[in-house]
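Please look over this structure with me.

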Amino acid sequence: MLLSCVHLIRRPLQCIQPLLVLPSRSFMDLKALVSSLNDFASLSLAESWDNVGLLVEPSPPHTVSTLFLTNDLTEDVMQEALQKKADLILSYHPPIFRALKRITWKTWKERLVIRALENRVGIYSPHTAYDAIPHGVNNWLAKGLGVCTTVPLHPSVAPSYPTEGTHRVEFSVDHTEHLETILSSMRGIPEISSLITLPARAEGEEQTRVSLNCTQKALLEVVALLSRNSLLYHKTEIMLLQKPLLPHTGMGRLCTLSEPVSLSALTERIKSHLRLPYIRLALGTGKTLEANVKVAALCAGSGNSVLQGVEADLYLTGEMSHHEVLDAVAKGISVILCEHSNTERGFLSELRDMLATHLENKITIIVSESDRDPLQVV
């Protein structure tokens, strides 16, 4: 009988711990992030008086892991942003609007700039660019009305189409010897672009067709030059270059509800959408809370200039001057005021989700918890 030569060796069992791979914190270069933000909402859509874009930039290179969203950048909000390790603050309202002549500890806006730079935090503001875009603040506010169709009250135009200049001037030159003299004079006029010449034939004669684009100011000089030659002047065509409207883009919204709704029911919808316990209401002359609303004009923030002269059953905005409200009421238009930033702040949660998709979840995006409207009812 064969004996087994195998010996059993007793050893304590050892638990092998799996290696934990911690995900690396993702980030974006500041310049790349700003470029993506500009793609999300072109700054060319902002009003000319606005101050938008990157307002405070830490010394490069600067990477962003956390983007912090707020409606207003106050000192309390700045403290929250620093506690949450933000690298870039997107403040809907620009904290720097009027020019700063010095950066000291004296005023709160100067202190914001100092703290941002000391802690290497950038500040970016889109403001009225977000008002204009189809997926922006005003469309979000319109959702509080219920099902409706919306069009901008003041449509935006394509910023760089068709070309530089406001007018196109075309004229024909019969004699070649005059052509270079005329072209030389035209090139000496500032604010002229796209000056081209093309061979043409009119009434059996060979001619040169001259075409140029110019600004309103340059047009006066062009016409003055051409008027010295009566034959050229009578052969001149002047066309106004109109830039096409951008679809669904612009300031304010005119909203046509799918079904008429009583003013009383509509106020409840708006309060629910804005998460407000109260709003201010001015009834239009001859109107009651049971009056039906079919068309509403709205503007997030301040609606003074945007809503002026618009025909509607209701104006919805954050604030209007006393006299603007009186004018609307006299025309039978009811007015709802919700305080300025209350008509904007709720958009930030929607913005967070849209930016996460737009930026492919490369960075962390958080919304301020301390940002709030400065006015309250007591």
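The points below cover a sheet, its helices and a group of aromatic rings.

1. Keep in mind that this is a predicted model.

2. Six strands make an open sheet with mixed pairing, in the order 7-12-14-15-16-13. Strand 7 (148-157) and strand 13 (280-282) are the edges, and each pairs on one side only. From one strand to the next, the twist averages 25 degrees.

3. Look at one pairing inside the sheet. Strand 12 (residues 245-262) and strand 14 (residues 292-302) run antiparallel, joined by six bridges. C255 has A296 of strand 14 as its bridge partner.

4. Helix 11 (residues 322-330) lies across strand 13, strand 15 and strand 16. Helix 11 runs at about 145 degrees to strand 16.

5. Turn to the aromatic rings. The count is three aromatic pairs. The ring centres of F40 and Y130 are 5.8 Å apart; their planes meet at 75 degrees, so this pair is edge-to-face. F40 sits in helix 1 (residues 30-40) and Y130 in helix 4 (residues 128-132), so the pair ties together parts 90 residues apart in sequence.

6. Y130 also pairs edge-to-face with F347, at 6.2 Å centre to centre and 80 degrees between the planes. F347 belongs to helix 12 (residues 347-358), 217 residues from Y130. Together, F40, Y130 and F347 form one aromatic cluster.

Technical notes:
Residues numbered from 1 in each chain as written. Predicted model: local features only at pLDDT ≥ 70, side-chain atom pairs only at ≥ 80, totals over all residues. Heavy atoms only, no water. Pairing = 2+ DSSP bridges. Helix = DSSP H or I, 4+ residues; strand = E, 2+ residues; numbered from the N terminus. Axes fitted to C-alpha atoms, helices over the stretch in contact; angles between N-to-C directions. Contact = heavy atoms within 4.5 Å. Phe/Tyr/Trp six-rings, centres within 6.5 Å; stacked < 30°, edge-to-face > 60°.
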